[in-house]
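Please load the model in a viewer and keep the selection panel at hand.

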Amino acid sequence: MTDEAYIELTLQIAKKGSGFVSPNPLVGAVIVKDHRIISAGYHEKYGGNHAEVNAINNSSESVEGATLYVNLEPCSHFGKTPPCVDAIINSKIKRVVIGTLDVNPLVSGKGVQKLIEHGIDVKIGVKEKECAELNRFFFKNINSGLPFITLKSAQTLDGKIADSKGNSKWISSEESRKYVHYLRSKYDAVLVGANTVNKDNPMLNVRLTEGRNPTRIILDGNLTSKLNSFVFDTTHQSTILIASNKSELKSRKINLLQRKGVRIIFVKSNNKGKINLTSALKDLSKLGINSILVEGGSRVFSSFINENLFDEVKLFVCPKFLGDGLDMLNFQKFVPITKAKKIRINSFSKIGDDLLIDLRN
């Protein structure tokens, strides 16, 4: 097998940690000796051993003189666990092949430098694009201090996300809904606005698939969400409510929400109580939330697009016409076609009866 093939294998192994390691990156490691794979490991959970250490510990034979393949540069600093480069050096591994450097300034280049200083042969940049893509949530957060944002919407062929009475169940197919639950399990959090909470009373969990329930985030500048909504039952799933700093006067409702276990974050807002999205996202990042799946509604989508605070759009186009109904976007101002916001199509696929278009900003 080639170096590229072994790095591809580390990417597949790394994905096993999806939904469990955030805010850390997804990392897989493979150890090869005498053209044989003698061990493998991945970062399994936040706070646990990193992939390289697990791979070394999992080996039933000596790794001395072997080659270690890893999709992300091994760490060289003390965090929740000791530096991985020390374990690599002590194990007498001879060669290390790395997919991409870590963008974290605590690590970037320093892990490679230490390995080289100890006489280990290091190769960097194998399937680099694919390795960066796997950890796009982590890289975005480190580089910007903001979570990676994916907008998810299901709409009819004529661009409606609900009928004229606000009913949206069900525009998309059952297969699409199952896929959305799978998506939720891969993100740290799922976000909706207060209108969606009050109209649809969503659970925002992953009951249709296996995986971790994301943290639920409710954008509710004026604290209008109904207290008996499913999202405020925090028995099995945490909820964060983002409110305007001007709503702090509603102390009774705040107390009731906090008694239910809801965490409330107050952020800057305008005179109408509309919250400052950038401030909210920075606060969420400080809580360790690296990725957010935004599920609506139209005003929330429009705010993220207007302020250019999104990275991806996952758009389910369903083979139905509604005629009258609620549009996906509700912009307050319009621009000529020459100034239209343009994003690129990354991929598309058919799920059930629907077309899923993956778009990148």
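Before the next selection, two notes on conventions. The model is predicted, so local features need pLDDT of at least 70 and side-chain atom pairs count only at pLDDT 80 or more, while totals for chains, interfaces and linings use all residues. Residues are numbered from 1 along each chain as its sequence is written, and side-chain values use heavy atoms, with hydrogens and water left out.

**Helix α6 and the sheet**

Select helix α6, residues 136–144. Helices (H or I, at least four residues) and strands (E, at least two) are DSSP runs, numbered from the N terminus. The buried residues of α6 are F137, F138, F139, K140 and N141; buried means under 20% relative accessible area, exposed over 50%, and partly exposed in between, with a 1.4 Å probe and protein chains only.

α6 lies across β6, β12 (291–296), β13 and β16, and runs at about 125 degrees to β6. Contact here means heavy atoms within 4.5 Å; axes are lines fitted to C-alpha atoms, for helices over the stretch in contact, and angles run from 0 to 180 degrees between N-to-C directions. Helix α7 (residues 174–186) also packs on the sheet, where it touches β6, β12, β13, β15 and β16. The direction of α7 makes about 145 degrees with that of β12.

Display the whole sheet next. It is open and has nine strands with mixed pairing, in the order β11-β10-β9-β8-β12-β6-β13-β16-β15. Two strands pair if DSSP finds at least two bridges between them. β11 (263–267) and β15 (344–351) each have a single partner strand, so one side of each is left without a neighbour in the sheet. From one strand to the next, the twist averages 20 degrees.

Within this sheet, select β6 (residues 148–156) together with β13: the two run parallel and are joined by seven bridges. K152 has K314, in β13, as its bridge partner.

**Strand β16 and I357**

Move to I357, which lies in strand β16. I357 is buried, at a relative accessible area of 17%. Its contacts, leaving aside residues up to four places away in sequence, are V313, K314, L315, V317, I345, S347 and F348. For one of these, L315, the C-alpha to C-alpha distance from I357 is 5.2 Å, although 42 residues separate the two in sequence.

**Salt bridges**

The structure holds 19 salt bridges, each being a side-chain nitrogen of Lys or Arg within 4 Å of a carboxyl oxygen of Asp or Glu. Select R360 and E133, whose side chains meet in one of them (2.9 Å, N to O). R360 lies in strand β16 (residues 354–360) and E133 in helix α5 (residues 128–134), so this pair ties together parts that are 227 residues apart in sequence. R360 is buried, with a relative accessible area of 11%, whereas E133 is partly exposed at 31%.

D311 lies in the loop between α11 (298–306) and β13 (312–318) and K140 in helix α6, so the pair ties together parts that are 171 residues apart in sequence. D311 counts as buried, at 18% relative accessibility. Then select E133, R136, E312, K314, D358 and R360, which salt bridges with shared partners join into one network.

Select strand β1 (residues 28–33) and β2, which pair in the antiparallel sense over six bridges. V30 has A40 in β2 as its bridge partner. The two strands form a hairpin with two residues between them, and D34 in the turn has a positive phi of about 55 degrees.

**The nonpolar cores**

Finally, select L151, I217, I242, L284, I292, V294 and F304, the residues that touch the most other members of the largest nonpolar core, which has 32 residues. Such a core is a set of buried Ala, Val, Leu, Ile, Met, Phe, Trp, Tyr and Cys residues joined through side-chain atoms within 4.5 Å. Another core, of 24 residues, lies apart from it and includes A51, L72, V96 and V112.
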